[in-house]
Amino acid sequence: MRSKDAATNPRGIPYAPFVDKVEDYVSSRAEVDGTMRSFQEMISKYQFMEVNTQRRAAGLKEKVPDIQKTLEMVQFLSSRKPGSEPIQTTFELNDTLYAKASIPPTDEVYLWLGANVMLSYPIAEAETLLHSKLSTAQQSLENCEEDLDFLREQITTLEVATARLYNWEVTMKRKEKAENGEDDAPGDQKRRLPNG
């Protein structure tokens with residue numbers, strides 16, 4: 001049922017198959033179990049992707065404000081004139097540890113790049129880098145939220161398809177029983193007869 005050119009969202013997540021008519025998807029009851037397993041497997045994969053995307057979005061939601069705060073500080077340092085008085089400030093070393101500092105006008109800043117790496121940048125270059133990082137993080141967050149909506153939609157589509165397939169199978173079983181006369185078992189006759 002899958003083609004090599006299956007439709008995907010912009011980040012390559014495939015669309016779930018939409019089952020409008022079960023007869024177009026399975027031709028006999030023998031195919032139902034395999035198709036059900038396939039749908040359940042796809043639901044599990046979508047749920048796995050959903051959890052990973054939620055984690056990535058949570059990390060980005062923490063990262064964006066940090067980048068914004070750093071960018072604002074770099075812009076503030078950029079606005080200071082040479083020869084200005086040093087700024088007296090308190091800065092955070094750790095969650096519970098702060099230090100006092102005197103910051104003279106400067107033309108360079110040090111930025112944490114991650115993995116315990118810090119580099120010195122000219123202020124203009126740092127501002128450009130931070131603008132780039134901020135827009136990339138915001139776009140990634142937007143993509144994550146879009147993907148989460150898409151994944152929820154695909155999970156719902158597969159759950160509906162599973163329900164349709166199950167209902168189709170139940171209907172087919174009833175038809176087969178009716179054709180084979182299994183509904184007219186002796187016990188059933190006794191229950192149907194009034195005063196009997």
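Okay, a bit of housekeeping. What you see is a predicted model, where local features need pLDDT of at least 70, side-chain atom pairs count only at pLDDT 80 or more, and totals for chains, interfaces and linings use all residues. Residues are numbered from 1 along each chain as its sequence is written, and side-chain values use heavy atoms, with hydrogens and water left out.

So, the fold. We have 4 helices and 4 strands, which are DSSP runs numbered from the N terminus (helices H or I, at least four residues; strands E, at least two). Going along the sequence, the order is α-α-β-β-β-β-α-α. Of the 196 residues, 27% are buried, meaning under 20% relative accessible area with a 1.4 Å probe, protein chains only.

Now the pocket. On a 1 Å grid over the protein atoms alone, a pocket is an open set of points where a 1.4 Å probe fits, with protein on both sides within 12 Å along at least five of seven lines; lining residues have an atom within 4 Å of a point.

Who lines it? There are 33 residues, with Thr-70, Met-73, Tyr-110, Leu-111 and Trp-112 nearest the centre. Elements giving two or more residues are α2 (32-79), β1 (87-92), β2 (98-103), β3 (108-114) and α3 (123-180). The top contributor is α2, with 10 residues.

Conventions. Buried < 20%, exposed > 50% of the residue type's maximum accessible area, 1.4 Å probe, protein only.
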